[in-house]
Amino acid sequence: MENPFEIINERLDKIEKLLQNIYATKDAKTKGVIIPEIMNVNEVAKYLSITPSAIYKLTSTKEIPHSKRGKRLYFQKDEINDWIVKHKQYTNDDIERMASNYLIKNKRRS
C-alpha cells in the first residue's frame, strides 16, 4: 500500500506547476509579450510602436492590410509582418547589386 502522504505531495506538486504556468501566461499577456493572431487597432498600434490614429490613417488610405466587421477593424499578425517586410527600404549597395544583376541577365544581343 502506498503512503497517502506521498500521493498528496505528488498531487500538490502537479497543482503547483499548473498554477505557475497559469500565472506565467497571465503575466506575459499583461506585459504584452504574447501577441494574438488577430489584433485590434490598439494592439496593432502597440505592436508597430505607433499611435492608433496613425493606424486609422493607414486603414483609410488602404495602405495596411485589415478586415472590417461593422465598425471594428481587425488585423492578422501574419499579414502585418508580411506588410512590414514588403515595405523594406533598400540600401544603395542593394540597389547597385540588383541593377548589376538585371544588366547581366538582360544583356542585349547585338
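1. Helix H3 spans residues 52-60, and Ile 55, Leu 58 and Thr 59 in it are buried (under 20% relative accessible area; exposed is over 50%, partly exposed in between, with a 1.4 Å probe and protein chains only). Viewed down the axis of H3, the buried residues fall within an arc of 100 degrees, so they line one face of the helix; the arc is taken from the directions from the helix axis to the C-beta atoms. Ser 53, Lys 57 and Ser 60, on the other side of H3, are exposed. Helices (H or I, at least four residues) and strands (E, at least two) are DSSP runs, numbered from the N terminus.

2. This is a predicted model: local features need pLDDT of at least 70, side-chain atom pairs count only at pLDDT 80 or more, and totals for chains, interfaces and linings use all residues. Residues are numbered from 1 along each chain as its sequence is written, and side-chain values use heavy atoms, with hydrogens and water left out.

3. The cover over the buried residues of H3 includes helix H2 (41-48), strand E3 (72-76) and helix H4 (77-86), where contact means heavy atoms within 4.5 Å. After H3 comes Lys 62, with a positive phi near 55 degrees.

4. Strand E1 (residues 38-39) runs antiparallel to E3, joined by 2 bridges; pairing requires at least two DSSP bridges between strands. Phe 75 is the bridge partner of Met 39.

5. Strand E2 (residues 67-69) also pairs with E3 in the antiparallel sense, over 3 bridges. Tyr 74 in E3 stands opposite Ser 67.
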